[in-house]
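Open the model in your viewer and keep the selection tool at hand. The stops below go one selection at a time.

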Amino acid sequence: MGLPLVGISLGDVSGIGPEVTAAALAKPSVRKVLVPVIFGDGPTLERFPAFRRYVRVAPSALGRVDAPTVVEVTRLKEKDRAPGKPSREGGRAQYAFVTAAIDAMRAGHVDALCTAPVSKEQISRAGIPFMGHTEVLAEAFGVEVMMLMDGPRVRVGLATNHVPLAELPRLLTVEGLTAQLKLMSRSLEPVVGRKPRIAVLGLNPHAGEGGLLGREEVEVIGPAIRKARAARVDAHGPIPADGLFAKPDEVGARYDAVLAMYHDQGLIPAKALDFERTVNVTLGLPVPRTSPDHGTAYAIAGKGEASCVPMVEALLKSAQLATARERGKRGVARSR
């Protein structure tokens with residue numbers, strides 16, 4: 001296998017996506033492990049000298065490539081791509097970048113996907129229902145997925161993604177949590193080299209105090225853990241979230257991953273522990289997908305202040321996962 005082809009959707013062109021992508025791809029550590037295929041806006045990419053040397057193709061002409069490539073999905077007017085000034089056309093464009101990248105994933109033209117940050121608000125303002133990359137990818141491939149925040153000290157998966165807190169008790173089910181624990185276990189086993197040890201958080205304060213502060217741990221989370229363990233998943237809990245994350249270094253030493261019940265329960269500690277180096281990974285897809293752990297940052301877009309470290313980490317992780325996936329496929333082929 002040569003270097004993996006990593007598709008990169010450019011994100012909101014009025015945000016920091018274009019500049020951090022350019023800065024990250026300028027790093028030798030990134031260029032030596034992957035071949036970038038960027039899905040974005042032509043005039044926006046032309047602002048950055050590094051991209052002018054890339055092979056340029058139209059989405060309809062894309063196949064497997066062997067050199068850094070720009071796929072020109074749009075050519076936005078200047079007013080629709082101004083840094084720090086999001087527009088509806090920009091919202092429509094950033095969604096188009098994602099769908100073009102997904103088409104390339106389906107066709108086998110890229111080996112992984114790294115998504116620069118988008119604005120859910122601007123995509124929605126353009127008339128496109130959009131809750132997030134994770135949901136769009138799950139629907140596109142017809143699979144169950146999980147959002148995993150993969151950091152240097154802790155990996156945190158989410159049982160639910162972008163949903164109102166009021167809906168959590170209805171969304172958490174024994175069958176759903178059991179399936180997610182199985183997904184987390186089989187997805188991380190090739191990464192850690194054995195069955196991963198998973199800590200499962202409770203939903204309520206103090207993990208419900210035996211039912212005094214809520215019944216979800218007794219009626220849903222606990223039974224799901226038992227069913228998962230019966231299926232040889234090394235799951236433990238329910239564990240109170242505040243107690244587990246109080247000693248973050250011990251979390252990584254004791255557990256390979258944590259399953260949080262909702263978005264902020266998992267993302268607050270993950271971001272607080274290591275914001276720049278934590279990568280958003282989507283588990284369950286046929287092709288690896290990663291993303292930096294930050295938003296569009298309109299306030300600093302175009303000012304040269306944005307750090308490219310999160311994008312570097314996301315790109316390196318995408319290349320690592322793509323390479324591991326290919327090695328796994330070869331191992332299966334040899335064993336047949």
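**Stop 1: a threonine in a loop.** Start with the backbone oxygen of Asp274 and the side chain of Thr278: a polar atom of that side chain lies 2.6 Å from the oxygen. This is a predicted model, so treat each distance as a property of the prediction. Thr278 sits in the loop that runs between α12 (263–274) and β11 (279–283). Is Thr278 buried or exposed? Its relative accessible area is 3%, under the 20% cut-off, so Thr278 counts as buried. Now show what surrounds the residue. Beyond its neighbours within four places in sequence, Thr278 contacts Met149, Asp150, Gly151, Pro152, Ala270 and Asp293.

**Stop 2: into the next strand.** Move along to Asn280, which is placed in strand β11. Asn280 is buried too, with a relative accessible area of 11%. Select its contacts, again leaving aside neighbours within four places in sequence: Met147, Leu148, Met149, Arg289, Thr290 and Ser291. Then draw a C-alpha to C-alpha distance from Asn280 to Glu313. The two are 33 residues apart in sequence and 10.0 Å apart in space.

Stop 3

**Stop 4: strand β5.** Select residues 112–115, which form β5. Side chains in a regular strand alternate between the two faces of the sheet. In β5 both faces are covered: Ala112 and Cys114 are buried on one side, Leu113 and Thr115 on the other. Next, look at the pairing. Strand β1 (residues 5–9) runs parallel to β5 and is joined to it by 4 bridges. Find Ser9 and its bridge partner in β5, Thr115. Strand β12 (residues 289–292) also pairs with β5 in the parallel sense, over 2 bridges. There, Cys114 has Thr290 in β12 as its bridge partner.

**Stop 5: strands β7 and β10.** Select residues 155–158 and 257–260. These are β7 and β10, paired in the parallel sense over 3 bridges. Gly157 has Leu259 in β10 as its bridge partner.

**Stop 6: Val35.** Go to strand β2 (residues 35–41) and pick Val35. Val35 is buried, at 11% relative accessible area. Setting aside residues up to four places away in sequence, Val35 touches Leu3, Pro4, Leu5, Val6, Asp66, Ala67 and Pro68.

**Stop 7: a helix pair.** Finish on helix α8 (residues 174–192) and helix α9 (residues 216–230). Their axes come within 8 Å and cross at roughly 45°. The two helices are therefore oblique to each other. The crossing of α8 and α9 is right-handed. Show side chains at the contact. From α8 come Val174, Leu177, Thr178 and Leu181; they meet a set in α9 that includes Glu219, Val220, Ile221, Pro223 and Ala224.

Notes. Residues numbered from 1 in each chain as written. Predicted model: local features only at pLDDT ≥ 70, side-chain atom pairs only at ≥ 80, totals over all residues. Heavy atoms only, no water. Buried < 20%, exposed > 50% of the residue type's maximum accessible area, 1.4 Å probe, protein only. Polar contact = N/O pair within 3.5 Å; in protein donor to acceptor, adjacent residues only side chain to side chain. Contact = heavy atoms within 4.5 Å. Pairing = 2+ DSSP bridges. Axes fitted to C-alpha atoms, helices over the stretch in contact; angles between N-to-C directions. Parallel < 35°, antiparallel > 145°, perpendicular 65-115°, else oblique. Left-handed = near helix turned anticlockwise from the far one by under 90°.
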